[in-house]
Each structure stands twice: as C-alpha cells, then as structure tokens.
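Here are my notes for your first look through this one. Have the model open beside you as you read.

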Amino acid sequence: MATRTLAILLFDDVEVLDFCGPFEVFSVANRFTDPPAFNVLTVTKKASPVLTRGGLSVNSHHRLADCPQPDLLLIPGGHGTRKEMHNAALIEWIRQASSKAELVMSVCTGAMLLAKAGLLDGLEATTHHGAIDLLRQTAPKTTIHADRRFVDNGRVICSGGIAAGIDMSLHIVGRLLGEEIAAKTARQMEYPGP
C-alpha cells in the first residue's frame with residue numbers, strides 16, 4: 001500500500017477543529033497501517049505562523065510554492081475563508097493542486113474556496129449551518145444540503161461545520177482503508193464510530 005500525501009491548507013482565521021480534527025483522524029489511522037497510509041502535512045501561503053480563529057499560532061510544514069503534489073487535499077473553513085475566497089492566487093493553487101488529487105475535501109466554509117475554484121459546479125455540497133445561504137450564493141450551480149454532516153460526490157467531499165470534519169475524515173478512512181481501520185481509528189480517538 002502506497003502512502004498518500006494529505007495536504008491541509010491553513011490560513012489566518014482558520015477554525016482550529018476544522019483542520020485539527022481531520023489531522024488527528026488521518027494521523028491516528030496511521031497507527032493501524034504499515035507503512036503509514038497517510039503523510040499528513042499542512043501548507044500555507046506564507047512562511048510566518050498562521051493565527052487561527054481562536055488565536056492559536058500554528059507553523060505549517062510547507063508553503064504553497066514547495067508543497068508536494070497532494071493525493072488528498074483538505075480545505076478547512078473559518079472566518080478567514082471570507083477573505084481568502086477573493087485571493088486569486090490561492091484559488092488558482094487550489095484548482096491546480098486538486099486537478100491531480102485523488103480526493104478533494106472541505107470542512108465548514110472551506111466549501112466557499114472549492115466553489116470559487118469551480119470544483120463544486122454540478123455537484124452536491126454542504127457547509128456550516130450558518131453559511132448555507134453564502135454557499136448558495138457562491139455556488140449557484142451546486143445542490144446545497146443544509147441537513148447533512150457530509151456529502152460524498154466520489155472525488156469531492158464536503159462536510160458541515162467544525163466537528164463534522166471528523167465524521168467526514170472517518171468516512172474517508174473507511175473508503176480508502178476499510179471499515180475496520182476506520183472503526184479502530186474512531187475507538188482510539190474515543191469518538192462515536194463511522
């Protein structure tokens with residue numbers, strides 16, 4: 001089994017659990033595979049630390065310019081997406097990185113960045129319940145579900161807000177590695193199983 005590179009985008013005002021929840025799921029899943037199933041890394045547009053929504057300072061593994069091509073790309077949400085959805089260079093990086101990725105995922109308002117990159121056109125999506133109307137405006141060619149924790153379109157998967165990213169990540173572990181490893185991962189995290 002080849003190790004898949006999972007790149008998680010970080011930006012100022014990112015919601016902590018949006019990226020830390022999935023980071024934990026994929027990292028814990030590695031405990032049950034040999035070799036590790038996932039090379040989990042973070043990527044930012046700048047070299048300086050990112051200041052999250054709650055004020056946590058985070059250093060990333062890579063910058064956009066030196067990030068290895070991800071097999072899995074995860075775009076979290078948070079208040080910072082309102083600014084980043086107008087960042088043309090970042091949206092272009094998402095578009096290019098996703099073009100060769102096996103799976104593209106969003107948590108919460110990360111769906112806005114996928115929508116701006118044209119990745120949700122003709123698909124189904126969800127986001128944080130407080131941003132459903134904004135997603136409908138941003139992604140008019142997308143069917144939006146306000147009542148789902150995550151929506152799996154096959155290659156593009158969107159989850160609702162914050163803790164729903166953990167559910168989506170466990171679902172992806174189950175898809176890629178089997179339900180037994182997903183169940184072991186959830187149990188190790190003391191999280192209700194997938």
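1. Start where α1 meets α7: Val25, Val28 and Ala29 of α1 touch Ile181, Thr185 and Gln188 of α7. Contact here means heavy atoms within 4.5 Å. Sorted by class, this contact has four nonpolar, two polar and no charged residues. The classes work like this: Ala, Val, Leu, Ile, Met, Phe, Trp, Tyr, Cys and Pro are nonpolar, Asp, Glu, Lys and Arg are charged, and the others, Gly among them, are polar. Helices (H or I, at least four residues) and strands (E, at least two) are DSSP runs, numbered from the N terminus.

2. A word on what you are looking at. This is a predicted model, in which local features need pLDDT of at least 70 and side-chain atom pairs count only at pLDDT 80 or more, while totals for chains, interfaces and linings use all residues. Residues are numbered from 1 along each chain as its sequence is written, and side-chain values use heavy atoms, with hydrogens and water left out.

3. How do α1 and α7 cross? Their axes come within 9 Å and cross at roughly 115 degrees. The axes are lines fitted to C-alpha atoms, for helices over the stretch in contact, and the angles run from 0 to 180 degrees between N-to-C directions.

4. From α6 come Leu170, Val173, Gly174, Arg175 and Leu177, and from α7 come Glu179, Ile181, Ala182, Thr185 and Ala186. By class, that contact has six nonpolar, two polar and two charged residues.

5. Which residues of α7 are buried? In this helix, residues 179-188, they are Ile181, Ala182, Thr185 and Ala186. Buried means under 20% relative accessible area, exposed over 50%, and partly exposed in between (1.4 Å probe, protein chains only). These four sit on the same side of α7, because they cover an arc of only 135 degrees around the axis; the arc is that of the directions from the helix axis to the C-beta atoms. An α-helix has 3.6 residues a turn, so residues three or four places apart point the same way. The buried residues of α7 pack against α1 (16-29) and α6 (164-177). On the face turned away from them are the exposed residues Glu179, Glu180 and Arg187.

6. Take a look at Leu177, in helix α6. With a relative accessible area of 16%, leucine 177 is buried. Setting aside neighbours within four places in sequence, leucine 177 is in contact with Met1, Ala29, Thr33, Ala37 and Phe38. Alanine 37 is 140 residues away from leucine 177 in sequence, yet their C-alpha atoms are 8.2 Å apart.

7. Phe38 also turns up in the one aromatic pair of the structure. Its partner is phenylalanine 26: the ring centres are 4.9 Å apart and the planes lie at 80 degrees, so the pair is edge-to-face. For reference, rings of Phe, Tyr and Trp (its six-membered ring) pair if their centres lie within 6.5 Å; planes under 30 degrees apart are stacked, over 60 edge-to-face, and the rest tilted. Phenylalanine 26 is buried at a relative accessible area of 0%, and phenylalanine 38 is buried at 3%.

8. Some backbone spots to check. Where is the cis peptide bond? It runs from aspartate 34 to proline 35, with omega near 5 degrees, and proline 35 is in the loop between α1 and β2. Aspartate 13, in the loop between β1 (4-9) and α1, has a positive phi near 70 degrees and is partly exposed at 28% relative accessible area. Glutamate 190 has a positive phi near 55 degrees; this residue lies in the segment after α7 and is exposed, at 75%.
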